[in-house]
Amino acid sequence: MTEGIDLNDIKRRMDGAINAFQSDIASLRTGRASANILDPVTVEAYGSRVPLNQVANITVPEPRMLGVSIWDKSMVGAVDRAIRESNLGLNPIMDGQNLRIPLPELNEERRKSLVKVAHDYAEKSKVAIRHVRRDGMDGLKKSEKDGVIGQDESRALSEKVQKMTDDTISDVDRLLVEKEKEIMQV
């Protein structure tokens with residue numbers, strides 16, 4: 001920790017934005033089944049909305065199939081309804097207390113719309129990273145104005161913050177390109 005600014009805190013917050021972005025794009029569907037696809041689904045259970053993974057176990061028995069084992073038999077209808085209404089384009093097949101969810105082939109139009117969603121997630125992440133940079137720069141200016149650090153030290157630290165920002169944004173861009181290739185792969 002340097003007087004006036006904590007570079008480790010800035011790095012931690014920027015890494016948090018990257019982790020949130022990775023979590024968001026992991027839930028985007030590609031050609032392969034992934035339990036993360038159902039992360040955005042919430043179920044009306046016991047008087048409140050809870051994430052699907054709190055009422056059921058999600059598995060990937062086959063490359064193009066998801067399995068959902070619901071713990072409470074009375075929740076099967078609610079889970080089925082939540083998945084159908086989630087705008088993921090999935091149609092579960094009931095099998096007792098389990099749901100089988102075949103993943104349909106992605107057509108070109110759907111792939112392009114998923115890429116747009118990935119770009120939106122990337123932009124939100126970049127905005128969050130820029131907010132962290134702005135907070136750091138504001139802290140530096142205040143410290144310099146208050147006489148805690150000198151002008152030269154302030155300039156050097158602001159260059160470090162800018163480099164951290166540039167590196168983190170390039171990481172977001174790299175992850176986006178990888179996800180785009182994964183989505184567009186037939």
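In the predicted model, helices H1 and H4 pack at an angle of about 10°, with their axes 11 Å apart, the axes being lines fitted to C-alpha atoms over the stretch in contact and the angles running from 0 to 180 degrees between N-to-C directions. H1 is therefore roughly parallel to H4, a description that applies to angles under 35 degrees. Helices are DSSP runs of H or I with at least four residues, strands are runs of E with at least two, and both are numbered from the N terminus. On the H1 side the contact (heavy atoms within 4.5 Å) involves Leu7, Ile10, Lys11, Met14, Ile18, Phe21, Gln22, Ile25 and Ala26, while the residues of H4 include Val161, Thr165, Thr168, Val172, Leu175 and Leu176. By class, 13 nonpolar, three polar and four charged residues take part, where Ala, Val, Leu, Ile, Met, Phe, Trp, Tyr, Cys and Pro count as nonpolar, Asp, Glu, Lys and Arg as charged, and the others, Gly among them, as polar.

Residues are numbered from 1 along each chain as its sequence is written. As the model is a predicted one, local features need pLDDT of at least 70 and side-chain atom pairs count only at pLDDT 80 or more, whereas totals for chains, interfaces and linings use all residues; side-chain values use heavy atoms, with hydrogens and water left out.

Two threonines of H4 belong to this contact. Thr168, which is placed in helix H4, is buried at a relative accessible area of 2%, buried meaning under 20%, exposed over 50% and partly exposed in between, with a 1.4 Å probe and protein chains only. Neighbours within four places in sequence aside, Thr168 is in contact with Met14, Ile18 and Ile129. Thr165, also in helix H4, is buried at 1% relative accessibility, and with the same exclusion its contacts are Met14, Ile129 and Arg133. A polar atom of the Thr165 side chain lies 2.9 Å from the backbone oxygen of Val161.

Key
Polar contact = N/O pair within 3.5 Å; in protein donor to acceptor, adjacent residues only side chain to side chain. Parallel < 35°, antiparallel > 145°, perpendicular 65-115°, else oblique.
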